[in-house]
Amino acid sequence: MHKRALGAVAVTGVAALALSACGGSSPTTPSNTGGAGTSKAAATTTGTPETPSGTAAPVRDANVDLVIWTDADRSKAVQKYADQFASENGITVKVQIATDTRTQFKDATKVGKGPDVIVGAHDWLGELVQNSTVAPVNLSADVAAKFLPSAIAATKFNGQSYGVPYAVENIGLMYNKDLVPNAPKTMDELVSTGEKLVKEGKAKQVMSQFVSKVGNAYFAYPYLAAFPEGGIFATKANGDYDPNKLLVNSAGSVKGGEALAALGKQKVLSTNVDDTNQDAIFDSKAAPFMISGPWSVAKAKAAGINYGIAPLPSLAGGGAMQPFLGVQMFYVSSKAKNAALAQEFVTNYIPRKDVQLALFEVGKRPPALKEAYDEVSATDPDVKAWYEAGTGGKPMPNIPAMNSVWGPFGQATADIISGKAGAKERLDAAAKEIAANIAKG
């Protein structure tokens, strides 16, 4: 399951079901390492990522020069290059696995026991900046130009860059090519095709999409974004999201809500589908269509599904559904023990093609570095298909106010799909709740 689906918590306490040419030269030893870097003859590394017991935060070893926190999936790839960095700079580096990186990072940093570098999603950015826990990164303009523009844009907050991206992600439409040779362009076409297959006994339902009893804002957003001025936040003249201008109950968003209601009434969308069964429904051939992301591909392959990947369909009366764009990136702590080392690793190692390709192998999300993306997309059609499915999408809001959105908005869309409430009245109520939560900070 995609971690975005369980990645944030709303102010109300409701779990958010919403849910990141090559700089290939070898890194140089930083000139100012606070006593580390050139004074040690050999590196000392763990060789394997350190995992804390249970859900406890990793414990920092005060004698280690550079500490990097990441999740379990990416830990081995990060460890490989952390070891290289340690060897080349004659320092000690430790990679630790954090089970709740964002929260644990904020708490540990407050008491001076946090890591120097963390790996995480770009939509954490506003909150981390607000809490003064991350530092701007010193990425030169020529290196930044080597990344996909959407990836670099997602690393910025108030015009300042705070990280180096390594992957981009978004949802799209997966379809069973044995049942549907060509992807539908419109939702009406998708529904009619699926209903025909159900009637013929070749499928049990039209589509699988994560909805759940409490909703999923990440998967519901594209329906609203298919209509003019539909979505969550308006944007300022400079492109930043404006927390003071909600679009949750705009005319466009209401039309998107009405589309959700219609699909719920047709049983195309159901609150009975969530992260526990979404993939299984598609992988068992019970449904010919599934709206999901790159994280679902491995299971489909294992199940022997002859799948295709396409952009999300368009909605009648609107345009194409537009997914959120997510970016995964490396941050530098504002309280890094050795800030120069942390900056050196993030700005000199992460932009390397070999590093980007190694991280690509974990989850198969399109690399953020253009040279790495070009290489993998030339041989892996899935990468190209996922990237094209995100064309026209906007980066997921990285402003702190987004934390007030996930729960209320997700629940509203679940209620609309289940028929418990009409689109306008329910989105009006959600907008009111979200605005109140933002006002509370």
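**Figure 1. Asn 216 caps the N-terminal end of helix α7.** In this predicted model, a side-chain oxygen of Asn 216 lies 3.2 Å from the backbone nitrogen of Tyr 218. Helix α7 spans residues 217-225, and nine of its nine residues are buried, so the helix is largely enclosed by the rest of the structure.

**Figure 2. Overview of the chain from which the close-up views are taken.** The chain contains 16 helices and 18 strands. Of its 441 residues, 58% are buried. The accessible surface amounts to about 17500 Å², and carbon and sulfur atoms account for 51% of that surface.

**Figure 3. Strand β5 is covered on both of its faces.** The strand comprises residues 92-97; six of these six residues are buried, so β5 is largely enclosed by the rest of the structure. A polar atom of the Thr 92 side chain lies 2.8 Å from the backbone nitrogen of Asp 65.

**Figure 4. Strand β4, helix α1 and strand β5 make a right-handed β-α-β unit.** Strand β4 covers residues 66-70, and helix α1 covers residues 75-89. The strands β4 and β5 pair in the parallel sense, with five bridges between them. Within this pairing, Thr 70 has Ile 97 of β5 as its bridge partner.

**Figure 5. Phe 85 and Phe 345 form an edge-to-face aromatic pair, in a structure that holds 10 aromatic pairs.** The ring centres of Phe 85 and Phe 345 are 5.3 Å apart, and the angle between the planes is 70°. Phe 85 belongs to helix α1 and Phe 345 to helix α11 (residues 339-349), so this pair ties together parts that are 260 residues apart in sequence. Both partners are buried: the relative accessible area is 0% for Phe 85 and 2% for Phe 345.

**Figure 6. Tyr 166 and Phe 330 form a further edge-to-face aromatic pair.** Their ring centres are separated by 5.6 Å, with 70° between the planes. Tyr 166 lies in strand β10 (residues 163-169) and Phe 330 in strand β17 (residues 324-333); the pair links parts of the chain that are 164 residues apart. Tyr 166 is buried at a relative accessible area of 3%, and Phe 330 is buried at 1%.

**Figure 7. Five aromatic residues form one cluster, beside which a charged side chain is shown.** The members of the aromatic cluster are Phe 85, Tyr 166, Phe 330, Phe 345 and Tyr 349. Arg 352 lies over the face of Tyr 349, at 4.4 Å from the ring centre.

**Figure 8. The loop between helices α4 and α5 holds Ala 145 and Phe 147.** Helix α4 covers residues 141-144, and helix α5 covers residues 149-154. Ala 145 is partly exposed, with a relative accessible area of 49%, whereas Phe 147 is buried, with a relative accessible area of 1%. Ala 145 and Leu 369 are 224 residues apart in sequence, yet their C-alpha atoms are 9.2 Å apart in space. For Phe 147 and Pro 367, the sequence separation is 220 residues and the C-alpha to C-alpha distance is 8.9 Å.

**Figure 9. Asn 158 and Lys 285 have a positive phi although neither is a glycine.** The phi of Asn 158 is about 55°. This residue is placed in the loop between β8 (156-157) and β9 (160-161), and Asn 158 counts as exposed at 59% relative accessibility. The phi of Lys 285 is about 70°. Lys 285 lies in the loop between α9 (278-283) and β15 (289-292); with a relative accessible area of 44%, Lys 285 is partly exposed.

Technical notes
Residues numbered from 1 in each chain as written. Predicted model: local features only at pLDDT ≥ 70, side-chain atom pairs only at ≥ 80, totals over all residues. Heavy atoms only, no water. Helix = DSSP H or I, 4+ residues; strand = E, 2+ residues; numbered from the N terminus. Buried < 20%, exposed > 50% of the residue type's maximum accessible area, 1.4 Å probe, protein only. Areas by Shrake-Rupley, 256 points an atom, 1.4 Å probe, with all protein chains shown as cover. Pairing = 2+ DSSP bridges. Right-handed = clockwise from strand over helix to strand, strands pointing away. Phe/Tyr/Trp six-rings, centres within 6.5 Å; stacked < 30°, edge-to-face > 60°. Lys NZ or Arg CZ within 6 Å of the ring centre and 35° of its normal. Polar contact = N/O pair within 3.5 Å; in protein donor to acceptor, adjacent residues only side chain to side chain.
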